[in-house]
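I opened a new page for this structure and noted what I looked up, entry by entry.

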Amino acid sequence: MIATAARRSPSTSANRYPVQRLTLDNGLRVVLAPDRGSGVVGVSVHIDVGFRSEPPGRTGFAHLFEHLMFQGSESLPKLEHFHVVQSSGGTFNGSTHFDYTEYHELLPAGALERGLFLEADRLQAPAITAENLANQVDVVSEEIRLNVLNRPYGGFPWIDLPPVLFDTFANSHNGYGDFADLRSATVEDCADFFERYYCPANAVLTLCGDLDPDVAAELVHRHFDDIPYRPAPERPDFSEPWPDAVRTADSPDPLAPSPALAIGWRLPDPVADLPGYLAHLLLGGVLADGESSPLQSELVNRRALATSAWAGPGLMGPLDGRDPDVFVLGALHPAAVPSQHVVDAASEIIGTLADRGPSDEEVSRARARFVAGLFRECDATMARAGNLGLFELLHGRAELLGELPGIAGGIGAGEIAAAAAALDPNRCAVLRVVPTGEN
């Protein structure tokens with residue numbers, strides 16, 4: 001269904017971030033979130049493709065393609081995108097995740113049309129050439145060396161835990177990529193990937209900040225209407241059975257100064273069961289946030305089994321993907337402490353919380369920290385644009401961003417205790433980082 005002007009969403013007192021939206025003939029979904037007087041605009045594009053969509057033999061391809069999208073187009077030479085944004089006083093970036101790839105610019109309000117032109121231009125015809133591909137394979141390979149191979153705990157836990165917990169290639173492979181897979185990518189592979197996934201019907205464009213919705217809608221039509229329609233690809237079913245036993249693996253790390261471990265459990269579907277997912281998010285806050293939290297006070301301070309500990313949903317942050325997602329409890333611990341002692345103590349702490357439930361104070365504190373963190377993050381225009389676009393893509397409702405505090409406020413001690421009980425110590429994955437360097 002086509003809307004030639006923005007359609008206003010129902011306004012509720014619970015929705016701190018009201019939006020308007022339109023859909024173009026070519027299927028592009030557009031979210032408009034005016035914030036008059038801010039002086040800036042955030043432009044974000046979310047594409048419904050990420051690590052999970054990579055085929056075997058093409059690990060790291062979604063991330064590699066993200067890099068290619070910054071290498072010019074049929075109308076702009078390489079680096080011109082950078083020059084236009086920076087000369088306008090703006091910033092830009094992109095990132096690849098398990099279920100999506102995003103691109104964004106933060107610009108002065110008067111430069112909105114420039115941002116729209118740039119995003120429409122590369123969505124229309126990026127410069128996919130052998131030269132650009134070879135160059136970006138080198139860039140991504142160096143990024144892997146810098147961020148993973150030459151850094152302590154570089155793949156911990158987001159790269160190394162999934163193959164312990166999951167069985168399918170889609171859910172378990174290394175999204176950063178294998179060097180051989182990256183080098184084997186061809187221009188034809190890239191062209192096919194673009195044709196398949198980078199179509200307007202598979203994308204969400206979000207504009208947030210100091211904008212007039214009617215003017216912004218007109219500019220969107222001006223720059224995006226002539227991108228041809230292509231059907232969005234059907235998203236595969238990435239579900240798989242939950243583990244029925246403890247799975248363990250060791251990850252040698254020559255640069256790690258001390259051992260580490262991560263325990264991973266499957267989570268409720270964040271789209272189909274958002275309250276259940278949020279109960280686990282608040283559970284992470286109860287377990288690990290603040291010096292008085294059980295993991296900090298018991299595991300770190302009193303028993304000295306760990307030097308640091310944390311817990312919560314998401315390998316790349318909470319609410320960042322679809323099902324299946326992972327609840328992670330992580331810890332760094334002294335070499336003299338056997339990793340199993342840390343696992344047993346963590347299981348005991350979780351079991352106690354499941355049995356007694358969190359106190360009213362713990363629940364209140366976890367809610368307050370979650371909501372305060374959400375508001376603090378979304379005070380930044382670009383972060384708000386990104387979150388609105390992400391919720392539109394994953395949940396079909398950008399408005400959900402403003403409803404999260406209310407949903408979290410309805411989750412009580414019983415739901416959090418049930419979430420703790422669901423972290424079955426007999427159905428999880430345990431990844432142990434083993435230092436192998438000379439001390």
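**Aromatic rings**

I counted ring pairs and got 19 aromatic pairs. The rule: rings of Phe, Tyr and Trp (its six-membered ring) pair if their centres lie within 6.5 Å; planes under 30 degrees apart are stacked, over 60 edge-to-face, and the rest tilted. Helices (H or I, at least four residues) and strands (E, at least two) are DSSP runs, numbered from the N terminus.

Before going on I noted the ground rules. The model is predicted, so local features need pLDDT of at least 70 and side-chain atom pairs count only at pLDDT 80 or more, while totals for chains, interfaces and linings use all residues. Residues are numbered from 1 along each chain as its sequence is written, and side-chain values use heavy atoms, with hydrogens and water left out.

Are phenylalanine 61 and phenylalanine 193 buried or exposed? Both are buried. Buried means under 20% relative accessible area, exposed over 50%, and partly exposed in between (1.4 Å probe, protein chains only). Phenylalanine 193 has a relative accessible area of 6%. I followed phenylalanine 193 to tyrosine 198: their ring centres are 6.3 Å apart and their planes at 45 degrees, so this pair is tilted. Tyrosine 198 is buried too, at 0% relative accessibility. I then listed the cluster around them: Phe61, Phe65, Phe70, Phe82, Phe92, Tyr103, Phe193, Phe194, Tyr197 and Tyr198 form one aromatic cluster.

**Helix α3 and helix α9**

Next I checked helix α3 (residues 112–124) against helix α9 (residues 213–224). Their axes come within 9 Å and cross at roughly 30 degrees. That makes α3 roughly parallel to α9. Axes are lines fitted to C-alpha atoms, for helices over the stretch in contact, and angles run from 0 to 180 degrees between N-to-C directions. Angles under 35 degrees count as roughly parallel, over 145 as roughly antiparallel, 65 to 115 as roughly perpendicular and the rest as oblique.

Which residues meet? From α3 I noted Leu112, Glu113, Leu116, Phe117, Glu119, Ala120 and Leu123; from α9, Ala216, Leu219, Val220, Arg222, His223 and Phe224. Contact means heavy atoms within 4.5 Å. The residues of this contact divide into nine nonpolar, one polar and three charged. Here Ala, Val, Leu, Ile, Met, Phe, Trp, Tyr, Cys and Pro count as nonpolar, Asp, Glu, Lys and Arg as charged, and the others, Gly among them, as polar.

I moved to α10 and helix α11 (residues 294–302). Their axes come within 4 Å and cross at roughly 45 degrees. The two helices are therefore oblique to each other. Val286, Leu287 and Ala288 of α10 make the contact with Pro294, Leu295 and Gln296 of α11. I sorted these residues into five nonpolar, one polar and no charged.

In helix α15 (residues 400–409), the buried residues are Leu400, Leu401, Gly402, Leu404, Pro405 and Ala408. They pack against α10 (274–288), α13 (360–378) and α14 (381–395).

**Valine 41**

I found valine 41 in strand β4 (residues 40–47). Valine 41 is buried, with a relative accessible area of 0%. Leaving out residues up to four places away in sequence, valine 41 touches several residues, among them Leu107, Leu112, Cys208, Leu211 and Thr381.

**Backbone notes**

One runs from phenylalanine 156 to proline 157, with omega near -10 degrees. Proline 157 sits in the loop between α4 (130–149) and α5 (162–165). Another joins aspartate 323 and proline 324, with omega about 0 degrees. Proline 324 is in the loop between β10 (308–313) and β11 (326–332).

I also noted positive phi values. Leucine 79, not a glycine, has phi of about 80 degrees. Leucine 79 is in the loop between α1 and α2 (80–87) and is partly exposed, at 40% relative accessibility. Alanine 304 has a positive phi near 55 degrees. Alanine 304 lies in the loop between α11 and β10 and is partly exposed at 44%.
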